[in-house]
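Below is a short report on selected features of one protein model.

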Amino acid sequence: MADRIHVLPDHVANQIAAGEVVQRPASVVKELLENAIDAGAGKIELIVKDGGKALIRVVDDGCGMSEGDAGLCFRRHATSKISGAEDLFRIATKGFRGEALASISAIAQVELITRQEGDELACHVRIAGDEIQAREAAVAPVGTSISVKNLFFNIPARRNFLKSDKVEFRHVLEEFQRVALAHPGISFKLVHNENEIHNLPGAKLRQRIGHLFGSRMDNRLVPVSEETQIAIISGFICKPEFAKKSRGEQYFFVNDRFIKSPYLHHAVMTAFEGLLKAEMYPGYFLFLQVPPHTLDVNIHPTKTEVKFEDEQSLYAILRSAIKHSLGQFNVRPVLDFDHDNNLETPYAFKDRQAQAPKVSVDRNFNPFTDPVSGGGLARKASRETAGWEALYEGLGAQPVGEPQPEGIEIPSGAPEETLLEGSHLQGQDLKGVFQLGRKYIVTRIKSGLLLIDQTRAHQRVLYEQFLENITRKEPVVQTLIFPLKLRFTPAEMHVLEALTDALEGMGFRFGEFGDESLEIIGLPALVPEGEAPGVLDGLIAGWQQHEGEQGFSQGDRMAKALCRQLAIKAGTPMEPAAQLALVNDLFGSREPGLSPFQKPIHTTLTLEELDQKLNPNG
Ligand code: ADP
Ligand code: MG
């Protein structure tokens, strides 16, 4: 009987292996960038087209390859980085499997131009689907340029599996950011479809973070540093008050390699315990150096998951290092609601200026008078609450007769007390509403009590208003007398530029688009000026996070991002008139039962349920 076992031809083996190493353009980016770093490059350029599907090119000024190596590097298990199994335990480079270039050339058209110091000519190799198609001498600077074109050109099933260019580019960008963070001393450039997204000079980590994520990051960072036998920890955490609703900038690097570790992430989160509001995520950029032999990077083909020898000690060290930093830099708890800035927003002002927000010059304004009796704070407060005023225009209690005096009444005590006093709200029958736990609005209905989640209710109301603005394209714009100049990263600017039409449809008005800054000359009436930076940040983050989702229009997603950002938060006291207005608005909306995020907005407690609770045995 004939033998049935045969060894797979190389190109088949390579294609199979490629499935492990290369899932998408971003995987290629990672491998090529790592090779450039291993080659000792000081300057690396990444050029991509169509999210990396059409082209990924990495150009470095590293050591380059000899003519012989330029042919060999595409062979499976061709590596210059280890020569025996024992080397595996002291790997200081990124690569060692000698798998990446072999895999990539099995599933794409690859072009390599490389020259070593001392060689007169560069070597130019073209290879596609594992077959060398051309080899010739060329003129090129020292270093290496590798172009990967038409990824998965010979495996249509894999190619069809790729997401939109936008989504693939998000992954590429993420990979680029990880590598750029891990190597702040190297300068990097990223160009997508001819647009320069990042141009990062070699710098210290702190500056690199600023260049990547915006210079406003700088005063948010707290350094972390700890040295023990097991590990050296360095890097930065973000102050808890800048925590985000989405898991944004969270980076671990072990021996300068980005890794994912839910276990270590947990250590960070416990260090922040008590400092974060529910479902908020702190940013961090943490670097661990451990002796190479205590680390196993071998367990995952793309090497983002690693195994530590002494994981438990590492957990404890990390947690204590972060706690120490938070303490040392005097990071104040934000959970202390009595001192929460939110609560200092005096919603009592809402009755005072029920007009659409406008800036007026106060000739009597003297910034040096006591803010409690002077006009300064009052003006600031009224600007900050402008969005609310617009929302409640004509609905809340109107001031009766005389214009209000200039003095400020800071709302004192719990909102419940204010309700009981109810002094300046005469004429309104507000007995039926009150706020519970600064979170729910309770109102009486025929059958019992109706409990409304204030945040979700407000989200619903704002969402519908924004949607209406977008669809009617006649937004109410507040023109700013002093344009706001906001800083963004080039990547963020990219998102904003793509959204310009939609944003203008909602009432944003832009001046100059800089490379890293944007001038805002008008805002939607519903967006208070002070909230504008947060709103745009939230929009960008939400946008990037939900980019791949199908089935929702741009306008819908934007309305969602805005209402999520602007809706009144739990923990914020509301004036009774504002409560009532919100209830009215909610039940005037199209879908008062469900928040834009498909969460229930209200529930009831009926008299029967109460009776039953109190008389469980009938
Ligand atoms: P590995 O990085 O695991 O060794 P690769 O397939 O990524 O395997 O690369 C194979 C070899 O090609 C490397 O070991 C290195 O010698 C060479 N090489 C790849 N990219 C570069 C580059 N940008 N500059 C210099 N040499 C490179
Ligand atoms: Mg490699």
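In this predicted model, Ile233 has Leu288 of strand E13 as its bridge partner. The two strands involved are E10 (residues 232–238) and E13 (residues 284–289), which pair in the antiparallel sense over six bridges.

This pairing belongs to an open sheet of five strands, ordered E9-E10-E13-E11-E12, with mixed pairing. At the edges are strand E9 (221–227) and strand E12 (257–259), each of which pairs on one side only. From one strand to the next, the twist averages 20°.

Two helices are in contact with these strands. Helix H6 (residues 165–182) lies across E11 (250–254), E12 and E13, and helix H7 (residues 205–213) packs on the sheet, touching E9, E10, E11 and E13. The table sets out their angles.

| Helix | Residues | Strands | Angle |
|---|---|---|---|
| H6 | 165–182 | E11, E12, E13 | about 55° to E11 |
| H7 | 205–213 | E9, E10, E11, E13 | about 35° with E10 |

The buried residues of H7 are Leu205, Arg208, Ile209, Gly210, Leu212 and Phe213. After H7 comes Gly214, which has a positive phi, near 105°.

Leu586 is located in helix H17 (residues 576–587), and Leu610 in helix H18 (residues 607–614).

Is Leu586 buried or exposed? Its relative accessible area is 0%, so Leu586 counts as buried, the cut-off for that class being under 20%. Leaving aside residues up to four places away in sequence, Leu586 touches Ile452, Ala457, Arg460, Val461, Pro592, Ile601 and His602. The C-alpha atom of Leu586 is also 7.5 Å from that of His458, although 128 residues separate the two along the chain.

Leu610 falls in another class. Its relative accessibility is 33%, so Leu610 is partly exposed; that class lies between the 20% limit for buried and the 50% limit for exposed residues. Together with Leu607 and Leu614, Leu610 forms a nonpolar patch on the surface. The accessible area of Leu607, Leu610 and Leu614 together is about 290 Å².

How values were computed. Residues are numbered from 1 along each chain as its sequence is written. Chains are lettered from A and ligands numbered from 1 in the order in which they are written. This is a predicted model: local features need pLDDT of at least 70, side-chain atom pairs count only at pLDDT 80 or more; totals for chains, interfaces and linings use all residues. Side-chain values use heavy atoms; hydrogens and water are left out. Patches are made of residues with over 30% relative accessible area and no salt bridge: like charges are joined within 9 Å, nonpolar side chains (Val, Leu, Ile, Met, Phe, Trp, Tyr) within 5 Å. Accessible areas come from the Shrake-Rupley method with a 1.4 Å probe; for residues, only the protein chains shown count as cover. A salt bridge is a side-chain nitrogen of Lys or Arg within 4 Å of a carboxyl oxygen of Asp or Glu. Helices (H or I, at least four residues) and strands (E, at least two) are DSSP runs, numbered from the N terminus. Buried means under 20% relative accessible area, exposed over 50%, partly exposed in between (1.4 Å probe, protein chains only). Two strands pair if DSSP finds at least two bridges between them. Axes are lines fitted to C-alpha atoms, for helices over the stretch in contact, and angles run from 0 to 180 degrees between N-to-C directions. Contact means heavy atoms within 4.5 Å.
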